[in-house]
Amino acid sequence: MRRMNTSICSGLQPRSRPLPESEEVTGELRRQVSGKGRTLSDTEMASQIRKQRQRRVRDELIEADAPRQRARLAKHIHLHQEPC
């Protein structure tokens, strides 16, 4: 089940991905960590899942900000081009 994160802030789109804390994401992260072939204690597994979750959130934030950064860069390049 996918939960939608709706915000009252204008300009924000509803999430189409599961929330990082959801059971679905936790299960996926657990499979990722387990797939590396190491046997981990419960504490180590929790730590690895936490780190993977942080990476996932960071990557989503970077991805979400990319269009704004591209537009900003394009504007910057346009302002500093030599006139024809």
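Predicted model: local features only at pLDDT ≥ 70, side-chain atom pairs only at ≥ 80, totals over all residues.

Arg-56 is buried, with a relative accessible area of 17%, where buried means under 20% relative accessible area, exposed means over 50%, and partly exposed covers what lies in between, with a 1.4 Å probe and protein chains only. The areas themselves come from the Shrake-Rupley method with that 1.4 Å probe, and for residues only the protein chains shown count as cover.

Residues are numbered from 1 along each chain as its sequence is written, and side-chain values use heavy atoms, with hydrogens and water left out.

Arg-56 lies in helix α2, and I take helices from DSSP as runs of H or I of at least four residues, with strands as runs of E of at least two, numbered from the N terminus. What is Arg-56 in contact with, once its neighbours within four places in sequence are left aside? The partners are Val-25, Glu-28 and Leu-29, contact meaning heavy atoms within 4.5 Å. Between Arg-56 and Leu-29 there are 27 residues of separation in sequence and 9.5 Å in space, taken from C-alpha to C-alpha.

With Glu-28, Arg-56 also forms a salt bridge, and the closest N and O atoms are 3.2 Å apart; the criterion is a side-chain nitrogen of Lys or Arg within 4 Å of a carboxyl oxygen of Asp or Glu. This pair links distant parts of the chain, since Glu-28 sits in helix α1 and Arg-56 in helix α2, 28 residues apart. Glu-28, at 34% relative accessibility, counts as partly exposed, whereas Arg-56 is buried.

The structure holds 4 salt bridges, and two others deserve a word. Arg-68 and Asp-65 are paired with their closest N and O atoms 2.8 Å apart, and because they are 3 residues apart in helix α2, about one helical turn separates them. Both are partly exposed, Arg-68 at 47% relative accessibility and Asp-65 at 27%. Salt bridges that share partners, meanwhile, join Glu-28, Arg-56 and Glu-60 into one network. The side chains of Arg-58 and Asp-59 meet at 3.7 Å, N to O, and here too both residues are partly exposed, with Arg-58 at 45% and Asp-59 at 42%.

Helix α1 runs over residues 23-34, which is 12 residues, and reaches 16 Å from its first C-alpha to its last, close to the 16 Å expected at 1.5 Å a residue, the expected span being 1.5 Å times one less than the number of residues. Which residues of α1 are buried? They are Val-25, Thr-26, Leu-29 and Val-33.

The largest nonpolar core is made up of 6 residues, namely Val-25, Leu-29, Val-33, Leu-40, Met-45 and Ile-49, where a core is a set of buried Ala, Val, Leu, Ile, Met, Phe, Trp, Tyr and Cys residues joined through side-chain atoms within 4.5 Å. Two or more residues of this core come from each of α1 and α2 (42-79), and α1 gives the largest share, 3 residues. Leu-40, leaving aside its neighbours within four places in sequence, is in contact with Val-33, Met-45 and Gln-48.

Finally, the chain as a whole. There are 2 helices and 0 strands, and of the 84 residues 18% count as buried. The chain exposes about 7,300 Å², of which carbon and sulfur atoms supply 53%. Among contacts with a separation of 6 or more, residues 24 or more positions apart account for 28%.
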